[in-house]
Amino acid sequence: MFLPNLQDFKRIVIKVGSSLLVDSKRGAARREWLHGLVDDLAELHRGGADILVVSSGAIALGRSVLGLPKGALKLEDSQAAASVGQIALSRIWAEAFAQRGIIAGQILVTWQDTEERRHYLNARETISRLLALRAAPVINENDTVATAEIRYGDNDRLAARVATMASADLLILLSDITGLFDAPPAKNPDAKLIPMVPRISAEIEAMAGGAASELSRGGMQTKIEAGKIATSGGAHMVIADGRQPNPVGRIARGEPCTWFLTPSTPVTARKKWIAGSLAPQGVVTIDDGAARALASGASLLPAGVTAVEGDFSRGDSVIVRDAHGGEVGRGLVGYDVAMAHKVIGRNSRHIADELGVEGRFEMIHRDNLVLAGDLTE
Ligand SMILES: Nc1ncnc2c1ncn2[C@@H]1O[C@H](COP(=O)(O)OP(=O)(O)O)[C@@H](O)[C@H]1O
Ligand SMILES: N[C@@H](CCC(=O)OP(=O)(O)O)C(=O)O
């Protein structure tokens, strides 16, 4: 049986579905259960792993507080419910983590924050800073401002995007079901659990149905979509039954669940994405000192840049060339072209004085840079 050691993962995203967090009869959060889960997460955190939670439940909690009717909600009602429910949700998580000595930080994201590159860089940097400070980000979709056309709606795909954005190596989807069955189990009592999916094929996709619980959004279909995003981004994914106490401990002990395997690692997947999937929008030329610094693993600072060309925005992909025109690598640029022209050749102190702010001044952060030859090593 495939049983990876959870202690081997360095950065883990745990998605908690609405149907788990909220007791549909009472319309209230299952606090005791959540504390058991946070015990598991605190243990992984003590072992050195970074922990990120993607928590659903704002709408389900808020709708009962506001006394909204059962069934599908109008957009403005779900926005109002999310607004009320999110306050309670973040408080429950923050308290549970604090009792175990971990600081939680709330991040509410919209679809644009994960899909548009300029926003993506901001969200990624905030997550990375929180993790460096050993805090646990608790993330949800910002449903109060998300509109019907451009939103995730379900949190499975959001959690997968968070996992790739944060370069996580494991995504755990806790749900109200043991894992993926070969047919929707609500209608097929003989359906069998699939313990491992080495690759998401059309046959696997055809097994997934929608949600059976009225609190949930995606069902198994969005979990399979999440699996595609996570595994192509270098993270393994596991769908497991969260209904029992200490659900992550149960995965570690090898209780039945479904593993989706990635052929890659987060670093390789990200490098491929930067180097291969994005069309470069400009060229950044650097001096010899900067070329040496990049080769030894540093970020590219504006001081080592001699020229910029093209019409790029912050977050776009650019080609980095040395003084002789050779391609050094590619990366996601930290400035719009107009600002890049102003800061090139300057050291960070000058930039801070000129802009009047302390902050992130890299032209290209090393996490967003792929050197020529990196992918063939
Ligand atoms: N092939 C399948 N295997 C397992 N569950 C399935 C399948 N097809 C549909 N489902 C449904 O998906 C549900 C889990 O998704 P969902 O209700 O969205 O939960 P969550 O709120 O945890 O995201 C299960 O309870 C089940 O009814
Ligand atoms: N962002 C929404 C979550 C939507 C939702 O229920 O998603 P899911 O748990 O994937 O079925 C909320 O907090 O209510």
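A residue is taken as buried if 20 or more other C-beta atoms lie within 10 Å of its own, as exposed if 12 or fewer do, and as partly exposed in between, with C-beta atoms placed from the backbone. The model is predicted, and local features need pLDDT of at least 70, side-chain atom pairs count only at pLDDT 80 or more, and totals for chains, interfaces and linings use all residues. Residues are numbered from 1 along each chain as its sequence is written, while chains are lettered from A and ligands numbered from 1 in the order in which they are written.

An unreviewed UniProt entry lists Ser-56, Asp-143 and Asn-155 under "binding site". These residues span 100 residues in sequence, yet no two of their C-alpha atoms are more than 11.0 Å apart, so they gather at one spot. UniProt positions are given in the numbering used here, feature names are shortened, and annotations may be inferred rather than shown by experiment.

Ser-56 lies in the loop between strand E4 (50–55) and helix H3 (58–65); helices (H or I, at least four residues) and strands (E, at least two) are DSSP runs, numbered from the N terminus. Ser-56 is buried, with 29 other C-beta atoms within 10 Å. Leaving aside residues up to four places away in sequence, Ser-56 touches Val-16, Gly-17, Ser-18, Leu-21, Asn-140 and Asn-155, where contact requires C-beta atoms, placed from the backbone, within 7 Å. Asn-155 occupies the loop between strand E6 (136–141) and helix H7 (156–165). Asn-155 is likewise buried, having 27 C-beta neighbours inside 10 Å.

Ser-175 belongs to strand E7 (residues 170–175) and is buried, with 27 other C-beta atoms within 10 Å. Asp-176 is in the loop between E7 and strand E8 (196–197) and counts as partly exposed, with 16 C-beta neighbours inside 10 Å.

Ligand 2 is surrounded by 17 residues, of which the closest are Gly-17, Ser-18, Ser-56, Ala-58 and Ile-59; a residue is near a molecule if its C-beta atom, placed from the backbone, lies within 6 Å of it. H3 and E6 are the elements that give two or more residues to this shell, and H3 gives the most, with three.

How values were computed: Two residues are in contact if their C-beta atoms, placed from the backbone, lie within 7 Å.
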